[in-house]
Amino acid sequence: MATIKEAVKETLVGAEVEPELSSATSHDFLQHALKDEETGERYLDEAAFIDAVAPQGEDYHKIKREQYSILFGIADRHHKNRVDLRDWSLFNNLLAKPDAEYEIAFRLFSDPATGQVDFNSFKESYARNKTSGTVPFNWDSDWATLYLGGKKHRHSMTYPQFAQMLRGLQGERVRQAFLHFDKNGDGYIEPEDFQRIIQETAAHKLSDHLLTNLPTLCNISAGAKISYANVRAFQNVIREMDLVELLVRNAIRKSSDSRITRVDFLNEAARTTRFSLFTPMEADILFHFASLDQPSGRLGLSDFARVLDASWHSTPGGFDNSGAEGIASAAEKAAASSKTFMHSVLVSAHHFGLGALAGAFGAFMVYPIDLVKTRMQNQRGSRVGQLLYKNSWDCATKVVKNEGFRGLYSGVLPQLVGVAPEKAIKLTVNDLVRGKYTDLKTGNIPLRAEILAGGSAGACQVIFTNPLEIVKIRLQVQGEAIKAAAREGEQIPKRSALWIVRHLGLMGLYKGASACLLRDVPFSAIYFPTYSHLKRDYFGESPTKKLGILQLLTAGAIAGMPAAYLTTPCDVIKTRLQVEARKGDTAYTGLRDAATKVFKEEGFQAFFKGGVARVLRSSPQFGFTLAGYELLQGLLPLPGEHPAEQETGPRGSIEPITGLQEAKAPLPYLRSRNALKIILDLDLGFGRLKTPENAGMSGWLPGNLGVRGAAASPSSNE
């Protein structure tokens, strides 16, 4: 008889069929389940349930992991504060539905007996979970009345009605908040008020870049306030993020340089859409926020990712880098992340090789200036007739006239051979020391550590610099020595670099090393920090903005100017010590002796001989060298290095990594997250544990968010 009754009931009113348990469902449950010591039953408490639906290692900086407890209240059908295997299976079956996101939100507030959402119970639940201090929402507004009926004719909502109401709820919250702040009724609000509105209504859906820069929306038009048209256009853009991404991808795919302008975007929208046309203001808003760090007007996918990808945030491994300093170069990143000795050796060898190539390139480009600088510094002024050159230009023209154009490159071969290891060790040591003092979480490095890194690099390079300098200088000045000797009827043979090395011996190659140290240590201590700060603070280099070759050259050239000129006195002394004195020339025995005699015989201005030529040589040389170095890092990366991963860090699979990529997580995980996004459209306080200070008398209870909980009075501002 009972069986007949059940069959008739099932025929008339239907029945909920318990789904069959799949092996995957059982495995997921048992992997996180606890065991009841008394009954032996397996179950999930709230913490275990969250582990199952929100795996560790994902990015939860938008929707906090604790807020997944909302779903626990839905899965716990019998309110036992535990989810058994049958509950877990039903919840997974719910997640498998194509409209799971909205049905989860509906079940949170619906009455299980009637299958509808009662207005009063819904409003009470909303009041219990509303964040204190947020802009009030008027449930008696004309908009709410259209969905719920007037005060005298309130009605419950079915699932389709409730889902459609949620669809438009965020827009109505924004509209009411705008009216709340528009005290004058002139249709304008302050930028700070606009930022508060969006942070209260959509912070869980928008990127950190967008949220931080919201007040700048006032800059897209004249005036210092934000109009309702601006707010509505902004809301349209964020509501159509998926369509915007599609259009951006299509337009970039058709672009020759993978960058597009506002015109390209609007043209692609006209080709692709029929009914969702974007207004000029909406396009302006999109390009305004995407181009804050790239004002050229031509934007790439990474620029749009900061606006379109809600999971975008710019510090390594879950970082927030708004305004924070990034690690300056790929070499520093590699050094900072080196885990093993062998890996450090490989990284150092790789960047040593790149530095060698870049150094040789930079030295060759400015070698004629270096030759003029050396001859000017070696020129003595103690006796009449000793001044061969009036100035740097006179020196250059006389070299070409007397020795030919090739004379400008006298001694260039040993320079190229020696400068490769010299520049390589300087660049490598600077990067390694910077990397070791760099904070991996923020990318910051103290100024004293930057100076130490530069000074250490300058000290280490002297091992190669001094022998190179003494051979190069003697080759550079022997042309004028031969010419002077010929005028006096003497014959001086032209010496080769090899002869000079053999003649000097090992100790002789390091003559003037103290002066070389005195020049190179402060030079690098000034140069490298200045170069780094110019790139970051002036040109705006960041993990999302890559500088071009002209910007790198300019930064290198500017940084070289003070470094080169301020160390000219040390360079003059070094040159005098290393040049082979001719007949009648003053001889120097050491650093102090040279400084004293130069000052006594030629005056203070002699210490800055060749200073201008030194600036003209050092600035472009290091500009070429460092620009070449950073370009080579991109063209010839060390196998196994992944700059993109180092910049973005582990992001997990629920949210895609920066760059508008598709999420890789299983659909149940994605639908759980999306359901929470819909629920949080009501208020960001849902699922967050409230303390007595901000929760009032009716605090939040796990699994007690909807009508199932005890009734509570609506908050006074409702």
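**Exercise 1. The loop between α4 and α5**

Find where Asn-81 sits, then work out whether this residue is buried or exposed.

*Solution.* Start with the location: Asn-81 is in the loop that runs between α4 and α5. Bear in mind that this is a predicted model. Next, check the backbone: Asn-81 isn't a glycine, yet its phi is positive, at about 60°. Last, look at the surface. The relative accessible area of Asn-81 is 52%, and the cut-off for exposed is over 50%, so Asn-81 counts as exposed.

*Solution.* With a relative accessible area of 46%, His-79 is partly exposed.

**Exercise 2. Trp-88 and its surroundings**

Place Trp-88 in the secondary structure, classify its accessibility and list what it touches.

*Solution.* Step one: Trp-88 is part of helix α5. Step two: its relative accessibility comes to 3%, and buried means under 20%, so Trp-88 is buried. Step three: skip the neighbours within four places in sequence, and the contacts of Trp-88 are Thr-25, Asp-28, Phe-29, Leu-44, Phe-49, Ala-52, Val-53 and Val-83. Step four: pick one of these partners, Asp-28, and go C-alpha to C-alpha.

**Exercise 3. How α2 meets α5**

Describe the packing of α2 on α5: what are the angle and the axis distance, and which residues make the contact?

*Solution.* Two numbers first, because a packed helix pair is described by the angle between the axes and the distance between them. Helix α2 (residues 23-32) and helix α5 (residues 85-95) pack at about 125°, and their axes are 10 Å apart. That angle makes the two helices oblique to each other. For handedness, α2 crosses α5 in the right-handed sense.

Then the residues. From α2 come Thr-25, Ser-26, Asp-28 and Phe-29, and they meet Leu-85, Trp-88, Ser-89 and Asn-92 of α5. Sorted by class, this contact holds 3 nonpolar, 4 polar and 1 charged residues.

**Exercise 4. Two arginines**

*Solution.* Arg-576 first. This residue lies in helix α25 (residues 568-578) and is buried, at 2% relative accessible area. Its side chain makes a polar contact of 3.1 Å with the side chain of Tyr-588.

Now Arg-232. You'll find this residue in helix α12 (residues 228-239), partly exposed at 26% relative accessible area. A polar contact of 2.4 Å links the side chains of Arg-232 and Tyr-228. Setting aside residues up to four places away in sequence, Arg-232 touches Gly-171 and Arg-175. Going C-alpha to C-alpha, Arg-232 and Arg-175 are 8.5 Å apart, though 57 residues apart in sequence.

**Exercise 5. Zooming out**

How many residues of helix α6 are buried, and what share of the chain counts as buried?

*Solution.* In α6 (residues 100-109), 8 of the 10 residues are buried, including Glu-101, Glu-103 and Phe-106. For the chain, 51% of its 718 residues count as buried. Its secondary structure amounts to 30 helices and 4 strands. Finally, take the contacts with a separation of 6 or more: 73% of them involve residues 24 or more positions apart.

Methods. Residues numbered from 1 in each chain as written. Predicted model: local features only at pLDDT ≥ 70, side-chain atom pairs only at ≥ 80, totals over all residues. Heavy atoms only, no water. Buried < 20%, exposed > 50% of the residue type's maximum accessible area, 1.4 Å probe, protein only. Polar contact = N/O pair within 3.5 Å; in protein donor to acceptor, adjacent residues only side chain to side chain. Contact = heavy atoms within 4.5 Å. Axes fitted to C-alpha atoms, helices over the stretch in contact; angles between N-to-C directions. Parallel < 35°, antiparallel > 145°, perpendicular 65-115°, else oblique. Left-handed = near helix turned anticlockwise from the far one by under 90°. Nonpolar A, V, L, I, M, F, W, Y, C, P; charged D, E, K, R; others polar.
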